[in-house]
Amino acid sequence: MSKIIDQNQLVSMMNKTKWRELCSEFEKESTVSPLVKYKLITSDKEFGLSEVWWHELYGECQAIEWLDFSKVKSRENISTQVVAVLDSVGVPYSDEGGVFRVWGYVNSNSRPSHL
């Protein structure tokens with residue numbers, strides 16, 4: 001994995017502690033339970049848009065490039081609840097229109113300006 005990080009000039013925005021805190025908070029907040037989509041640095045494939053088992057997602061955390069949280073679930077706007085969890089954990093995220101994106105890695109040449 002370090003070869004992929006070096007080749008793509010990726011900079012880590014999250015560590016295992018922050019991923020554990022994030023997954024634990026969403027696991028506890030069962031009323032929020034947002035739909036998520038994510039991409040690993042080891043693949044071009046995007047996974048989701050579905051509910052996840054947070055302990056399983058944590059197992060992938062070292063390779064997560066980004067993790068998107070849907071703002072709507074079953075026609076209900078849950079963005080306030082999602083932001084509350086993201087802010088309580090203090091993770092780097094951006095508002096990408098229809099989703100909130102938590103950044104695991106960014107390219108050193110094109111860091112999102114809204115972080």
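View 1. Of the 28 residues in the largest nonpolar core, the ones touching the most other members are Leu22, Phe26, Leu67, Phe69, Leu86 and Val102. Such a core is a set of buried Ala, Val, Leu, Ile, Met, Phe, Trp, Tyr and Cys residues joined through side-chain atoms within 4.5 Å. Buried means under 20% relative accessible area, exposed over 50%, and partly exposed in between (1.4 Å probe, protein chains only). Two or more core residues come from each of α2 (16-28), β2 (36-40), α3, β4, α4 (79-89) and β8 (99-103). Helices (H or I, at least four residues) and strands (E, at least two) are DSSP runs, numbered from the N terminus. Please keep in mind that this is a predicted model, where local features need pLDDT of at least 70, side-chain atom pairs count only at pLDDT 80 or more, and totals for chains, interfaces and linings use all residues. Residues are numbered from 1 along each chain as its sequence is written, and side-chain values use heavy atoms, with hydrogens and water left out.

**View 2. Aromatic pairs.** The structure holds 5 aromatic pairs. Rings of Phe, Tyr and Trp (its six-membered ring) pair if their centres lie within 6.5 Å; planes under 30 degrees apart count as stacked, over 60 as edge-to-face and the rest as tilted. Trp54 and Phe69 are stacked, because their ring centres are 6.1 Å apart and their planes lie at 15 degrees. This pair links distant parts of the chain, with Trp54 in helix α3 (residues 54-59) and Phe69 in strand β4 (residues 64-70), 15 residues apart. Both Trp54 and Phe69 are buried. Tyr93 and Phe100, with centres 6.0 Å apart and planes at 90 degrees, form an edge-to-face pair. Tyr93 is partly exposed at 21% relative accessibility, whereas Phe100 is buried at 6%.

**View 3. Arg101 and two tryptophan rings.** The charged end of Arg101 sits over the ring of Trp66, 3.9 Å from its centre. It also sits over the ring of Trp103, 5.4 Å from that centre. For this, NZ of Lys or CZ of Arg must be within 6 Å of the ring centre and within 35 degrees of the ring normal.

**View 4. Strand β2 and its partners.** In β2, 4 of the 5 residues are buried, so the strand is largely enclosed by the rest of the structure. β2 pairs with strand β3 (residues 46-50) in the antiparallel sense over 4 bridges, and a hairpin of 5 residues joins β2 to β3. Two strands pair if DSSP finds at least two bridges between them. β2 also pairs with β4, antiparallel over 5 bridges, and here Lys37 stands opposite Asp68.
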